[in-house]
Structure formats: C-alpha cells, structure tokens
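Please keep the sequence and the structure in view while I speak.

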Amino acid sequence: MPWGNDDYDNAIYKVIGQDLAKLSQCADVFSPMSYNLICSRDSEWIISLNRQVSSRVNRAVWPIVQATDEPRKMSAQEYAEVLKAGLSGGSSGIVVFNTEAALEPGKWQAQKDIFTHKE
C-alpha cells in the first residue's frame, strides 16, 4: 500500500498489517504502489513515500509508478516528472504500471530519455 505512517492514523499497520521492519526480514525488494493520479497526489509524494519506506527497511525500494491515464490524461511531461520522482528519495529502481500506457509515443520518448539519461 502506498501509505506512510501518518496516513489515516497509521492505517498501513493498523488496518493493512504491513510492518515494514518485520517484512524487511524476508523481503528483498519493497515496491509501494505510488500511483499518483489514482491516489490524487503529485510527483513529490512519490519521493516522500520512497524516503519513508527507505528509512524503515534495509532493502531495495522500487516504487511502482503509473503511466496510465486514470482518472485523467497524463501528459508526457507529467509522466517524465513521475519517473524522475520514482527514481529519487532512496529508490534503486522503478516499476511502471502499465506497459501499454508507457508505450504511448510521448511517454515512451520521455521514458527512453530518462532511462538513458538524455533528459
């Protein structure tokens, strides 16, 4: 879940039951579902979430960021910001949801530029 300790009175632990410290004993990678548009957040939220998770686990953090146009259209520029945010804040990788949306011409070029450091 893409919640921090301060979200919904620590619901990540109280409701969902995700204890990141305990999970880090058996998980190699943590991938918070950082779907900024679906969660009505901006790209800075992704960086903050990466920092929170990274500070609580001694494991790789690869956030899952959205490329999909849900609940509204995401521009190629906005997608580039999301990718940059996903690669910041303690992240050592990134997962993109979903491939079909990431292959749209403008998004594909933004992704290609960022992943090859030609931004």
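Predicted model: local features only at pLDDT ≥ 70, side-chain atom pairs only at ≥ 80, totals over all residues.

In strand β5, the bridge partner of Ile 64 is Val 95. Ile 64 belongs to strand β4, residues 64-66, and three bridges join β4 to β5, the two strands running parallel. Residues are numbered from 1 along each chain as its sequence is written, and side-chain values use heavy atoms, with hydrogens and water left out.

Let me place that pair of strands in its sheet. Three strands form an open sheet in the order β2-β4-β5, with parallel pairing. Helices and strands here are DSSP runs numbered from the N terminus, helices being H or I with at least four residues and strands E with at least two. Two strands pair if DSSP finds at least two bridges between them. In general, strands of a sheet pair through backbone hydrogen bonds, either parallel or antiparallel. The edges are held by β2 (33-34) and β5 (95-97); each has a single partner strand, so one side of each is left without a neighbour in the sheet.

How far can one trust these coordinates? The average pLDDT of the protein is 93, and 98% of the residues score at least 70; pLDDT is the predictor's confidence in each residue, from 0 to 100. Confidence is highest in β4, at 98, and lowest in α1, at a mean of 88.

I turn now to the helices. The axes of α3 (residues 43-56) and α4 (residues 76-86) come within 8 Å and cross at roughly 10°. That makes α3 roughly parallel to α4. Axes are lines fitted to C-alpha atoms, for helices over the stretch in contact, and angles run from 0 to 180 degrees between N-to-C directions. Angles under 35 degrees count as roughly parallel, over 145 as roughly antiparallel, 65 to 115 as roughly perpendicular, and the rest as oblique.

Which residues make the contact between these two helices? From α3 they are Ser 43, Ile 46, Ile 47 and Asn 50, and from α4 they are Glu 81, Val 82, Ala 85 and Gly 86. Contact means heavy atoms within 4.5 Å. By class, the contact of α3 with α4 has four nonpolar, three polar and one charged residues. Here Ala, Val, Leu, Ile, Met, Phe, Trp, Tyr, Cys and Pro count as nonpolar, Asp, Glu, Lys and Arg as charged, and the others, Gly among them, as polar.

Helix α4 also has buried residues, namely Glu 78, Tyr 79, Ala 80, Val 82, Leu 83, Ala 85 and Gly 86. Buried means under 20% relative accessible area, exposed over 50%, and partly exposed in between, with a 1.4 Å probe and protein chains only. The buried residues of α4 pack against α3, β4, β5, α5 (99-102) and α6 (105-115).

Two loops deserve attention next. At 5% relative accessibility, Thr 68 counts as buried. Leaving aside residues up to four places away in sequence, Thr 68 touches Leu 37, Met 74, Phe 97, Asn 98, Ala 101 and Lys 107. One of these, Asn 98, lies in the loop between β5 and α5, and the peptide bond from Phe 97 to Asn 98 is cis, with omega near 5°.

Finally, consider the segment before α1 (11-14), where Asp 7 is placed. Is Asp 7 buried or exposed? Asp 7 counts as buried, at 17% relative accessibility. Not counting residues up to four places away in sequence, Asp 7 touches Pro 2 and Arg 41. Tyr 8 lies in the segment before α1 too and has a positive phi of about 55° although it is not a glycine. Tyr 8 is exposed, with a relative accessible area of 56%. Asn 10, another residue of the segment before α1, has a positive phi of about 60° although it is not a glycine. Asn 10 is partly exposed, at a relative accessible area of 22%. Thank you for your attention.
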